[in-house]
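Colleague: Could you walk me through how to read a fold like this one, starting from the strands and working out to the core?

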Amino acid sequence: DLTKNPKVWHDWYELEAPEASPMPMKYGSSLNPFQQLLMLRCFRPDRIVNGIRNFVIFRMSDFYVQPPPLVYDKIYAQSNERSPIVFVLSPGADPQSDVQKLGDSMGFTAPTRFRFVSLGQGMGPVAAAQIETGYQRGYWVMLQNCHLLQSWLKSLEKILLQMPKTHKDFRLWLTTMPTDAFPLGI
């Protein structure tokens, strides 16, 4: 069927999410879900993770593929003023509103006791100033998109190591996409 109908198979191959579309030529109904997964692996290995996710949902339920919900007050309870809280994000994830709700409930309201800095070119000194104010006065500081200012992350690590007496209420929240440039010391 593949050699006799290459256009049909090519069109399926070119789909953004072929694992979510019926396989060509009724293969979706003639193959069981595991065999379809094997076909997906042959055609689009880049989509196999999503295909496996769909397979697990089909066989077991979505309970097994859903990440556990973040309980921000538990994260806070396990944190301290000397260690930043790092969120490694997936596309579309943004913990800012949830962290802000937690801050509001604990008396850390923006902009007086909770500061946000979206990192990018030239924002390193602004972030450093916010951290300094935060650790001296007991504010919360959230640095968002740390992956966009990779050249400054070593400076951030030095700032954290050189902080003198830190206010017990200070918390540093960091968000980043996965990157090899993120210092392990943070």
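This is a predicted model: local features need pLDDT of at least 70, side-chain atom pairs count only at pLDDT 80 or more; totals for chains, interfaces and linings use all residues.

Colleague: Happy with that. How many bridges join S1 to S4?

Modeller: Helices (H or I, at least four residues) and strands (E, at least two) are DSSP runs, numbered from the N terminus, and two strands pair if DSSP finds at least two bridges between them. Here strand S1 (residues 85-88) runs parallel to S4, joined by four bridges, with Ile85 opposite Trp173. S3 also pairs with S4 in the parallel sense, over four bridges; Leu143 has Leu174 as its bridge partner, and Val141 stands opposite Leu172. On to S2 (residues 114-118): five bridges join this strand to S3, again parallel. Phe116 is partnered by Met142, and Ser118 by Gln144.

Colleague: Which hand does the crossover from S2 through H7 to S3 have?

Modeller: Point the strands away from you: a crossover is right-handed if the path from the first strand over the helix to the second runs clockwise. The β-α-β crossover from S2 through H7 to S3 is right-handed. S3, H8 and S4 make a right-handed β-α-β unit too.

Colleague: Next, burial. Are the residues of S4 buried or exposed?

Modeller: Buried means under 20% relative accessible area, exposed over 50%, and partly exposed in between (1.4 Å probe, protein chains only). In a regular strand the side chains alternate between the two faces of the sheet. For S4, Arg171, Trp173 and Thr175 on one side and Leu172, Leu174 and Thr176 on the other are all buried. Six of the six residues of S4 are buried, so the strand is largely enclosed by the rest of the structure.

Colleague: Which residues of H8 are buried?

Modeller: Leu153, Leu156, Glu157 and Leu160 are. They cover an arc (taken from the directions from the helix axis to the C-beta atoms) of only 100°, which puts them on the same side of H8. Lys154, Lys158 and Gln162 are exposed on the other side. The buried residues of H8 pack against H7, S3 and S4, where contact means heavy atoms within 4.5 Å.

Colleague: And the core: which residues touch the most other members?

Modeller: A nonpolar core is a set of buried Ala, Val, Leu, Ile, Met, Phe, Trp, Tyr and Cys residues joined through side-chain atoms within 4.5 Å. The largest one has 19 residues, and Leu119, Ile131, Leu143, Trp152, Leu156, Leu172 and Leu174 touch the most other members. Helix H7 (124-137), strand S3 (140-144), helix H8 (153-162) and strand S4 (171-176) each give two or more residues to this core. Leaving aside residues up to four places away in sequence, Leu156 touches Ile131, Leu143, Leu172, Leu174 and Ile186. A second, separate core of twelve residues includes Phe87, Val99, Phe108 and Met142.

Colleague: Finally, how many disulfides are there?

Modeller: A disulfide is a pair of cysteine sulfur atoms within 2.5 Å, and a search of the whole structure finds zero. Cys42 counts as exposed because its relative accessibility is 64%, while Cys146, at 0%, counts as buried.

Terms used: Residues are numbered from 1 along each chain as its sequence is written. Side-chain values use heavy atoms; hydrogens and water are left out.
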